[in-house]
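Hi,

Here is the structure I promised to send over. Have a look, and my notes follow below.

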Amino acid sequence: MPEETTRRRRRAPAMSPEDRREAIVQATIPLLFTHGANVTTSQIAKAAGIAEGTVFRAFKDKQELIRTCVRTLLAADAELELIEQARRAEKLADRLSWAVGAVTGYLDRMWTLVGVLRETGFDPRDEEREHKGPPVEMQLLAERIASLFGPADRLRVDPSLAARLLLGLVFTNRMQGKGFGDATADIDQLVEVYLHGVLLRGDQ
């Protein structure tokens with residue numbers, strides 16, 4: 001038998017259970033943004049390139065799979081890394097712009113997902129993760145942003161408070177509609193207002 005035919009018929013190495021679950025999660029995430037909780041296991045299996053029964057061997061049911069996807073999307077590892085890279089910028093305004101961009105992307109992703117899940121009848125709250133106080137991810141983001149302030153930056157407040165104030169500004173800037181208006185500041189505008197206030201410098 002020709003070697004090429006032998007290679008074609010040889011089965012691909014089996015995935016570990018952990019890798020299989022991760023592959024299914026990554027295939028499901030884009031579908032959640034489109035279909036919400038109405039996504040079917042048939043659609044998931046097709047996207048993952050597996051048999052539908054494999055989904056149920058990896059997860060107890062669709063609910064468990066969706067909650068696993070939510071936890072994956074809730075993780076802010078990528079944003080934390082982006083903010084860490086902001087240290088390369090010499091100017092504080094540039095470092096903060098990196099951070100604002102990362103946090104804005106994180107909030108937009110989470111709010112979009114939560115919205116589509118709720119519209120399709122799924123409560124994205126995870127009882128296993130419920131705790132008092134701000135979400136852990138937001139605490140981590142605040143700590144990473146606080147680390148962007150250096151000794152040369154003459155702050156009026158503690159770096160941790162400065163970071164939380166910036167997060168608050170980013171948060172409210174993304175709240176459009178429902179009485180908050182439709183206009184939002186772009187990243188450079190937001191950082192400028194954060195550092196220098198809303199008054200023109202000559203009027204201060």
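Is Trp111 buried, exposed or partly exposed? Trp111 is partly exposed, with a relative accessible area of 33% (buried means under 20%, exposed over 50%, partly exposed in between, with a 1.4 Å probe and protein chains only).

Before the rest, some ground rules. This is a predicted model, so local features need pLDDT of at least 70 and side-chain atom pairs count only at pLDDT 80 or more, while totals for chains, interfaces and linings use all residues. Residues are numbered from 1 along each chain as its sequence is written, and side-chain values use heavy atoms, with hydrogens and water left out.

The Trp111 and Phe171 ring centres are 5.0 Å apart with planes at 85 degrees, so the pair is edge-to-face. Trp111 is in helix α7 and Phe171 in helix α9 (residues 159-173), so the pair ties together parts 60 residues apart in sequence (helices are DSSP runs of H or I, at least four residues, and strands are E runs of at least two, numbered from the N terminus). Phe171 is partly exposed too, at 36%.

Then there's α2. Its buried residues include Ile24, Val25 and Leu32, and the buried residues pack against α3 (41-48), α4 (52-58), α5 (62-74) and α7 (92-119) (contact means heavy atoms within 4.5 Å). Just after α2, Gly36 takes a positive phi of about 65 degrees.

Cheers

Conventions: Phe/Tyr/Trp six-rings, centres within 6.5 Å; stacked < 30°, edge-to-face > 60°.
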